[in-house]
Amino acid sequence: MSRVSKTFGPVQALNGLEFSVNAGEFVTVVGPSGCGKSTLFNIVAGLEEPDDGGILRFKGQSCHAAELLGRVSFMPQRDLLLPWRNVVDNAILANEIEGANRKEARAKALAMLPEFGLAGFEKQYPHQLSGGMRQRVALMRTFMFERELMLLDEPFGALDALTRTMMQRWLLDVWQRHRRTILFITHDVDEALFLGDRVLVMSARPGRVKMNCPVPLPRPRHADLVTAPEFIALKRQVLDAIEEEAMKSFTLSTGAH
Ligand SMILES: Nc1ncnc2c1ncn2[C@@H]1O[C@H](COP(=O)(O)OP(=O)(O)O)[C@@H](O)[C@H]1O
Ligand SMILES: [Mg+2]
C-alpha cells in the first residue's frame, strides 16, 4: 500500500502509510497504543476504506478495501468466540458464513484439533477453556478460512508471559508447515522480533511506518534466541524507535513540552 491515510472526524488515525508484504512472509507490526494498528488491519481486511488518494494493491492489482473483504483472513483483537457454540462450531464459523458444507467443515476442524492442541476438546464451550486454548480456537478459525493473507491483531495480548512464549513457538511451528503470509500486530518487541521476518515500527498517531527492520535471524527459532547478542542488538534499535514515538504521544496527550 502507499499513501494510505485514514481520518475519523477530527482524529487522523493513519497518515501516508507505505509498505508491502511478500508472499510467505511473516511481518510483525509494533507501535504505541492508539497509533492506528487496528485501523490498518480493518482497511486490509476490507472493513474500512482509506481516505481518498491512498493506494492499496493485492497481488499487484490496485483495489478498493471492500474488494479485500473475504480475500483475507482476519483475527480481530478480541477472540470473538461465540459462547453458545462448542470448539468445533466456533472453528468453522467463517467457513459456515461463506456457505461451506457444515459437515465437511466440521470433519476438517476435527482433523486439525490435535495440531492446535485441542484434541478431545471438540465438544467444550469457550467458558470451559483456558485463555490459551480460546486463542488457539480463534487461531484455528483463522487458519481454516484459507486465504493468501492472514491478519492477526495482538492474538496473544491477553495471555500470561509463560503461555505467551509457548504460543509463539507453537505458532511458528504451525506457520512453518502451512506457510501462510502473515501480518501480526503486537505491542511486545520481543514477540515481534522472535516471530517476524521483518518488523514494521509505526509512529505515534497519525500512524505511518517509522522503521522497517529486517530480522535476519535463522529459523527454526528457539526460545533461547531472545538472549542472543544479535537479538538484543535488534531489540535495542526497535525499542529506541518506539520509545521516541511513545514520548511524542505522551507529550501530545499531556500537553507537556
Ligand atoms: N471507527 C472509529 N471511529 C472513530 N475513531 C476511531 C475508529 N477506529 C479507530 N479510531 C481512532 O483512531 C485511532 C487509532 O485507533 P486504533 O487503530 O484502534 O489504534 P491501535 O490499534 O494502534 O491501538 C484512535 O484514536 C481511535 O480512537
Ligand atoms: Mg488495536
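Domain bounds here come from an automatic or database domain assignment, and for this chain that assignment gives domain 1 (4-71 + 149-254) and domain 2 (79-146). The model is a predicted one, in which local features need pLDDT of at least 70 and side-chain atom pairs count only at pLDDT 80 or more, while totals for chains, interfaces and linings use all residues. Residues are numbered from 1 along each chain as its sequence is written, and chains are lettered from A and ligands numbered from 1 in the order in which they are written.

The C-alpha centres of the two domains lie 25 Å apart, and ten residues of domain 1 are in contact (C-beta atoms, placed from the backbone, within 7 Å) with seven residues of domain 2. On the domain 1 side, the elements that give two or more residues are β7 (149-153) and α6 (161-178), helices (H or I, at least four residues) and strands (E, at least two) being DSSP runs numbered from the N terminus. The helix α6 gives the most to this side, with four residues.

The strand β7 also has a place in the interior of the model. Five of its five residues are buried, that is, with 20 or more other C-beta atoms, placed from the backbone, within 10 Å of their own. Leu149, Leu151 and Asp153 are buried on one side of the strand, and Met150 and Leu152 on the other. Strand β6 (residues 72-75) runs parallel to β7 and is joined to it by four bridges, with valine 72 opposite leucine 149; strand β8 (residues 181-185), also parallel, is joined to β7 by five bridges, and here methionine 150 stands opposite isoleucine 182.

In soluble globular proteins, nonpolar side chains tend to be buried together. Leaving aside neighbours within four places in sequence, leucine 151 is in contact with Phe41, Val44, Ala45, Val72, Phe74, Met75 and Leu183.

Turning to the ligand, the residues around ligand 1 (C-beta atom, placed from the backbone, within 6 Å of it) include Phe8, Val11, Ala13, Lys37, Ser38, Thr39 and Arg205. The elements that give two or more residues to this shell are β2 (11-17) and α1 (37-44), and α1 gives the most, with three residues.

Key:
Two residues are in contact if their C-beta atoms, placed from the backbone, lie within 7 Å. A residue is buried if 20 or more other C-beta atoms lie within 10 Å of its own, exposed if 12 or fewer, and partly exposed in between; C-beta atoms are placed from the backbone. Two strands pair if DSSP finds at least two bridges between them.
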